[in-house]
Amino acid sequence: MERRARKTLGNLGERLAAGKLTEMGYRIISTNWRCEIGELDIVAWHGDCLTLVEVRTRRGGRAGTPEESITPVKRQRLQNLVEAYLISHTELQDGKGQPPPCRVDLAAVEFEPGGKLVRLDLIENIIN
């Protein structure tokens, strides 16, 4: 798949995921937060838990499932991104300088080759 088509597909997956998260009671505070080491797709509050959501979108089965794309290297990058986000957002700390409870969720979005949405699943706490 060409780069532009991948980006378009990824953007669609992120929009659908943001909609589902909102329906589920998440309060989205940021999308596509970037720093020098990468990007967080969605940052949201889920109750009192700061939730960083990685959106993985696939069309057809050739590239595997969204879940399979979360390799150990990707997990480490996500952990590093969480730390970078918390360091850059000290206003989220409590009165004792502690960050809020947080977790990383995965929004797994899959389409048929023809473009029909097959599934959009949320998997909580993928790093632990």
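This report walks through the fold, strand pairing, cores and a few individual residues of a predicted model.

## Overall build

Let's start with the big picture. The protein is built from two helices and five strands, and reading from the N terminus the order of elements is α-β-β-β-α-β-β. Along the principal axes, its C-alpha atoms take up a box of roughly 50 × 30 × 25 Å. The radius of gyration is 15 Å, which agrees with the value near 14 Å that a compact globule of 128 residues would have.

If you look at contacts with a separation of 6 or more, 55% of them link residues 24 or more positions apart.

## Strands and hairpins

Strand E1 covers residues 27-35 and runs antiparallel to E2, with seven bridges joining the pair. The hairpin that takes E1 into E2 uses two residues. For a handy landmark here, pick Cys 35, whose bridge partner in E2 is Gly 38.

E2 also pairs with E3, again in the antiparallel sense, this time over five bridges. Trp 45 has Leu 50 as its bridge partner in E3. Two residues sit between the strands in the hairpin of E2 and E3, and Gly 47 in that hairpin adopts a positive phi near 65°. One thing to keep in mind when you look at side chains along these elements: in a regular strand they alternate between the two faces of the sheet.

## Two nonpolar cores

Which residues have the most contacts inside the largest nonpolar core? They are Leu 40, Leu 50, Leu 52, Tyr 85, Val 104 and Ile 126, in a core of 18 residues. At least two residues of this core come from each of strand E2 (38-46), strand E3 (49-59), helix H2 (72-88) and strand E4 (102-111). H2 provides the largest share, six residues. There is also a second, separate core of 13 residues, with Ala 17, Tyr 26, Ala 44 and Val 55 among its members.

Setting aside residues up to four places away in sequence, Leu 50 touches Ile 29, Val 43, Ala 44, Trp 45, Tyr 85, Leu 86, Leu 92, Pro 100, Pro 101, Cys 102 and Arg 103. Tyr 85 from that list is, like Leu 50, one of the residues with the most contacts inside the largest core. Trp 45 from that list is the bridge partner already mentioned.

## Arg 56 and its surroundings

Arg 56 is part of strand E3. Its side chain makes a polar contact of 2.9 Å with the side chain of Ser 69. Beyond its neighbours within four places in sequence, Arg 56 is in contact with Pro 66, Ser 69, Ile 70, Lys 74, Leu 106, Ala 107, Ala 108 and Val 109.

Is Glu 91 buried or exposed? Glu 91 counts as exposed because its relative accessibility is 56%, and exposed means over 50%. You will find Glu 91 in the loop between H2 and E4.

Technical notes:
Residues numbered from 1 in each chain as written. Predicted model: local features only at pLDDT ≥ 70, side-chain atom pairs only at ≥ 80, totals over all residues. Heavy atoms only, no water. Core = buried A, V, L, I, M, F, W, Y, C linked by side-chain atoms within 4.5 Å. Buried < 20%, exposed > 50% of the residue type's maximum accessible area, 1.4 Å probe, protein only. Helix = DSSP H or I, 4+ residues; strand = E, 2+ residues; numbered from the N terminus. Contact = heavy atoms within 4.5 Å. Polar contact = N/O pair within 3.5 Å; in protein donor to acceptor, adjacent residues only side chain to side chain. Rg over C-alpha atoms; globule rule 2.2 N^0.38 Å. Pairing = 2+ DSSP bridges.
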